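Hi,

Here is the structure I promised to pass on.

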Amino acid sequence: MLAQVYSSAIFGIDAYMMEIEVDFSSARERTTVIVGLPDAAVKESKDRVLTAIKNSGFSPPLGNTTINLAPADIKKEGPSFDLPIALGLLVATGQIRNASFREYVVVGELALNGRVRPVKGTLPIAIAARDNGKKGLLVPAENAPEASIVDGIDAYPIHDLVQASKFVTGEIAIEPLRRDLGEAFREASSYPMDFSDVKGQEHVKRALEVAVAGSHNILMIGPPGAGKTMLAKCIPTIIPEMSIDEALETTKIHSIVGLLTPKNFLVGTRPFRSPHHTISYAGLIGGGAFPKPGEVSLAHNGVLFLDELPEFNRNVLEVLRQPLEEGNVTIVRATGSLTFPANFMLAAAMNPCPCGYFTDPRRECRCTPSQIHRYMSRISGPLLDRVDIHVDVPALRYKELAGDYAGEPSSQVRQRINQARKTQRERFRGQRIFSNGAMTSRQIKKFCSLDEEGRDVLKMAINELGISARAYDRILKVARTIADLEGVESIKAYHISEAIQYRTLDRNLWL
């Protein structure tokens with residue numbers, strides 16, 4: 001007897017529909033074959049499924065069973081097909097009758113006792129099921145909250161194989177889980193930190209405001225304990241609030257990697273990812289035999305923070321070029337290529353020398369000039385070329401730590417940033433860019449014209465302060481953002497002066 005069950009699988013960050021066909025014929029010996037390019041986890045599912053069927057009170061089929069996963073030209077991976085395969089076997093062997101699968105998509109991993117375990121990628125699967133006109137989605141109970149935020153399809157929480165079999169035959173009714181997307185988004189959109197929690201470092205906060213307003217990447221340089229990491233963690237709180245579309249796109253990526261939980265099933269705040277400096281190529285940009293998103297994609301619509309930047313493998317940092325320039329990353333394999341979104345703000349931090357106290361007036365630095373030079377030269381040149389702002393973060397004094405002064409809250413800073421970004425969107429309308437940080441040389445020439453006083457300040461910076469030629473365009477872009485924050489059209493000399501302060505690594509001190 002032949003049975004057909006609809007399921008779904010992940011390809012990239014989207015899902016595609018599958019048909020699981022199960023054909024059974026009686027025989028003295030038991031043989032089970034799975035075809036359709038299954039990986040090892042899918043091949044092993046036959047043993048899990050047969051054991052789960054037996055421990056759920058059904059009879060394991062004795063005979064020849066062929067299970068086809070269609071379309072057959074795409075490699076299948078993971079254990080999410082256990083539940084649909086088990087239901088197909090029960091129908092093919094006549095153990096459940098009058099089952100209706102036409103309007104449902106089924107996913108779930110089975111434990112040996114028949115319990116249904118959660119799987120990855122439920123959100124894109126729910127979206128694909130809805131877009132293909134399906135009525136409902138049978139998912140593990142732990143994944144149901146994630147699927148319930150998709151309008152137009154019912155998410156039925158399934159706890160075990162027996163419950164699923166009775167539902168598809170109409171013996172029992174299961175109430176679909178429904179969540180209002182807008183309400184879920186509001187509940188998930190609060191941050192645990194705020195700019196006002198950071199003591200002192202007002203000039204660094206200002207640099208971060210400028211960086212976010214113009215979508216500029218930023219590097220913070222300072223001794224240990226100066227607050228670089230805390231400042232970086234506050235960056236998402238001043239980035240304009242996520243839209244629901246951005247939240248769903250970001251949640252899809254986190255769903256595929258398996259980072260969602262029944263309580264945190266929607267990413268409503270800007271992501272903040274901080275990988276360790278020992279991270280590999282695949283961990284940073286994604287990869288593997290079945291390519292999965294890396295840290296740059298998990299930081300999509302948010303912040304990627306690289307702490308202790310010189311400690312990262314220089315060659316690993318080179319792979320950041322494509323996502324920083326294009327907002328996505330393409331992973332090529334022999335079987336094809338996948339493109340993952342990776343539109344993020346890069347924030348990095350480092351010490352000024354190996355011991356960390358080169359610029360600290362209260363601590364003695366014991367590093368030799370050659371050690372400092374080798375340490376600084378670890379930074380990838382191509383990566384540094386894509387960082388518009390680098391700023392000193394000095395150690396805090398006791399007066400600043402013990403003071404009661406609270407800085408501006410993130411909400412006030414965000415208001416200024418929203419206005420500056422609105423100005424930029426209007427300026428670049430129809431030009432495929434949305435921020436000053438993405439300006440090309442032609443656009444810099446058009447939108448960053450200087451008066452005579454401004455040109456004199458920039459000339460002095462290059463000739464007398466040792467500012468490098470490569471910093472010229474970046475100073476102009478940052479000055480354009482500073483002017484936008486002030487709400488003025490023309491760039492003034494003091495805008496140039498402030499932008500020059502944000503080019504620490506271009507000064508003679510570091511050369």
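Predicted model: local features only at pLDDT ≥ 70, side-chain atom pairs only at ≥ 80, totals over all residues.

How do the residues of the lining of the second largest pocket divide into nonpolar, polar and charged? There are 21 nonpolar, twelve polar and ten charged, where Ala, Val, Leu, Ile, Met, Phe, Trp, Tyr, Cys and Pro count as nonpolar, Asp, Glu, Lys and Arg as charged, and the others, Gly among them, as polar.

Numbering runs from 1 along each chain as its sequence is written, and side-chain values use heavy atoms, without hydrogens and water.

That second largest pocket holds about 950 Å³ of space. (A pocket is an open set of points on a 1 Å grid over the protein atoms alone, where a 1.4 Å probe fits, with protein on both sides within 12 Å along at least five of seven lines; lining residues have an atom within 4 Å of a point. Points are joined across faces, edges and corners, and the volume is the space filled by probe spheres set on them.) Strand 1 (2-11) gives the most to its lining, four residues (strands are DSSP E runs of at least two residues, helices H or I runs of at least four, numbered from the N terminus).

The largest pocket has about 1200 Å³. Of its 37 lining residues, Ser-215, Asn-343, Phe-344, Ser-435 and Ala-438 are the closest to the centre. Its lining has 13 nonpolar, eleven polar and 13 charged residues.

Finally, five strands form an open sheet, order 11-14-17-10-18, with parallel pairing (pairing takes at least two DSSP bridges).

Cheers
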